[in-house]
Every structure is written in structure tokens, then in C-alpha cells.
Amino acid sequence: MPEWISNIDAYILLFIQEVVRTPFLTPVIKVITMLGDSAIFWIVISLILLTIPKTRKAGSAGLLALLFSLIVNNIILKNLIGRIRPYDMIEGLIPLIEKPRDFSFPSGHTGSSFAAAWVLFRRLRGWKGVLALILAGLIGLSRLYLGVHYPTDVLFGVISGIGCGHVAELIVKKIFKETTAP
């Protein structure tokens with residue numbers, strides 16, 4: 001990572017720690033980040049959608065997107081890139097949750113959240129899809145607030161998550177031989 005990007009990452013995280021963190025907000029952010037733990041929330045939503053005939057394709061695409069995100073982000077990229085967590089590199093940065101044991105880049109919470117949320121946004125349309133994207137964004141931001149990811153980890157998690165969701169949606173369209181959107 002170029003030094004100037006690392007410096008911006010560090011500045012943003014220290015700014016969040018010193019200016020944004022509050023005793024009121026911290027427990028709320030911890031709950032939000034827990035929604036991204038092991039993608040359980042998104043798996044449950046996708047499984048529920050699978051049980052409803054009208055949303056079965058959305059549930060299928062959601063699960064497929066989560067699988068792609070797991071493979072791309074957590075299995076391949078994290079281990080290939082091996083980026084050390086910010087609390088081990090930035091002097092004075094204090095994480096607010098138990099320190100994750102894996103590498104930092106990209107954010108798995110963000111990648112899986114955006115993979116599933118992108119599918120829901122494209123497939124469900126309207127307020128439900130928008131709500132999914134907002135929640136995915138909050139989960140990504142929670143990783144910065146808690147001091148466990150760099151901003152660039154989260155940014156790439158958004159990009160890779162949307163990419164995984166898009167590929168999953170294309171595959172589901174092909175499997176179900178869809179000719180039009182959702």
C-alpha cells in the first residue's frame with residue numbers, strides 16, 4: 001500500500017477515535033457490527049427468501065453471493081495480501097472489540113454485507129433493497145469506528161461485495177433462464 005494512502009487511512013481512524021466515538025454510540029455500533037458476524041444475518045435473510053416462491057431467486061442469489069464473497073475476500077485475498085490490522089500498526093489506535101485473528105484486507109464483514117445487500121437491492125427493489133444497502137453501509141462503517149479495519153479495507157469490501165453480488169445475480173438469471181430484470 002502506498003505510504004500516502006496508509007497515512008490517510010491512519011488519519012481517518014484516529015479522527016474517528018478522537019472525535020466520533022462516544023459512550024452512547026459505541027454499544028449501538030457494536031450491535032450493528034454483530035449483524036455482519038459470519039454473515040449470519042444475511043444467511044438467515046436469504047434462507048427466509050428461499051422459502052417464499054416470489055423471492056426464491058433473490059434468496060438463491062443472496063446465498064451464492066455470500067459464498068463468492070467468502071471465497072474471494074476471506075479465503076483468497078485476506079491470505080494473499082496479508083495486511084496487518086490497523087490497531088497493530090497505528091500508534092494509539094484502540095480497538096473496541098475483541099481483536100480479529102485474521103488479516104485486515106479486505107473487510108469480510110463489508111464484503112459479505114454488500115454482496116447480499118446488492119442482490120436484495122436488485123431483486124427486491126423499493127425500500128427493502130435500499131434498507132439492505134443502508135445496513136451494509138452501516139456494518140462497513142462500524143468496522144472503522146471499532147478500529148479493526150482501515151478505510152481502504154472497507155472500500156474494497158464494498159467493491160468486491162457488489163461484484164460478488166452482481167456475478168451471483170447473473171448466474172441465477174442464467175440458471176432460471178430469466179430474460180428481464182428481477
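Biologist: At what angle do α5 and α6 pack, and how far apart are their axes?

Modeller: The model is predicted. Two packed helices are described by the angle between their axes and the distance between the axes. For α5 and α6 the angle is about 170 degrees, and the axes are 7 Å apart.

Biologist: Is α5 roughly parallel or roughly antiparallel to α6?

Modeller: The angle between α5 and α6 is about 170 degrees. Angles over 145 degrees count as roughly antiparallel. Therefore α5 is, relative to α6, roughly antiparallel.

Biologist: Which residues of α6 meet α5, and how do the residues of this contact divide by class?

Modeller: From α5 the contact takes H109, T110, S113, F114, A117, W118, L120, F121 and L124. Their partners in α6 are G126, K128, G129, V130, A132, L133, A136, G137, I139, G140 and R143. By class, the residues of the contact of α5 with α6 are 11 nonpolar, seven polar and two charged.

Biologist: How is α3 placed against α5, roughly parallel or roughly antiparallel?

Modeller: The axes of α3 and α5 lie 10 Å apart, at an angle of about 30 degrees. Angles under 35 degrees count as roughly parallel. The arrangement of α3 and α5 is therefore roughly parallel.

Biologist: Which residues of α5 meet α3, and is the crossing left-handed or right-handed?

Modeller: W42, I45 and L49 of α3 meet S112, S113, A116, A117, L120 and L124 of α5. This contact of α3 with α5 has seven nonpolar, two polar and no charged residues. The crossing of α3 and α5 is left-handed.

Biologist: How are α4 and α7 oriented, roughly parallel or oblique?

Modeller: α4 and α7, the latter comprising residues 151-175, have axes 8 Å apart and pack at an angle of about 135 degrees. That angle therefore makes the orientation of α4 to α7 oblique.

Biologist: Is the crossing of α4 and α7 left-handed or right-handed, and what classes of residue make the contact?

Modeller: The crossing of α4 and α7 is right-handed. Residues on the α4 side include L64, F68 and V72, and those on the α7 side include F156, C164 and I171. By class, the contact of α4 with α7 has 12 nonpolar, five polar and two charged residues.

Biologist: Which element gives the largest share of the lining of the largest pocket?

Modeller: The largest pocket has a volume of about 490 Å³. Of its 27 lining residues, G36, D37, S38, H109 and R143 are the closest to the centre. Helices α2, α4 and α5 each supply at least two residues of the lining. The largest share, seven residues, comes from α4.

Biologist: How many charged residues are in the lining of the second largest pocket?

Modeller: The second largest pocket holds about 280 Å³ of space. Among its 13 lining residues, the closest to the centre are I45, L120, L124, K128 and A132. Two or more residues of this lining come from each of α3, α5 and α6. By class, the lining has 12 nonpolar residues, no polar residues and, as for charged residues, one.

Biologist: Where is S38, and what is its phi?

Modeller: Most residues other than glycine have a negative phi, and most peptide bonds are trans. S38 lies in the loop between α2 and α3. Its phi is positive, near 55 degrees.

Biologist: Which residues does a cis peptide bond join?

Modeller: The bond has an omega of about -5 degrees. The residues joined by the cis bond are F105 and P106.

Terms used:
Residues numbered from 1 in each chain as written. Predicted model: local features only at pLDDT ≥ 70, side-chain atom pairs only at ≥ 80, totals over all residues. Heavy atoms only, no water. 1 Å grid on protein atoms, 1.4 Å probe; cavity = no way out; pocket = protein on both sides within 12 Å on 5 of 7 lines; lining within 4 Å. Points joined across faces, edges and corners; volume = space filled by probe spheres on them. Helix = DSSP H or I, 4+ residues; strand = E, 2+ residues; numbered from the N terminus. Nonpolar A, V, L, I, M, F, W, Y, C, P; charged D, E, K, R; others polar. Axes fitted to C-alpha atoms, helices over the stretch in contact; angles between N-to-C directions. Parallel < 35°, antiparallel > 145°, perpendicular 65-115°, else oblique. Left-handed = near helix turned anticlockwise from the far one by under 90°. Contact = heavy atoms within 4.5 Å.
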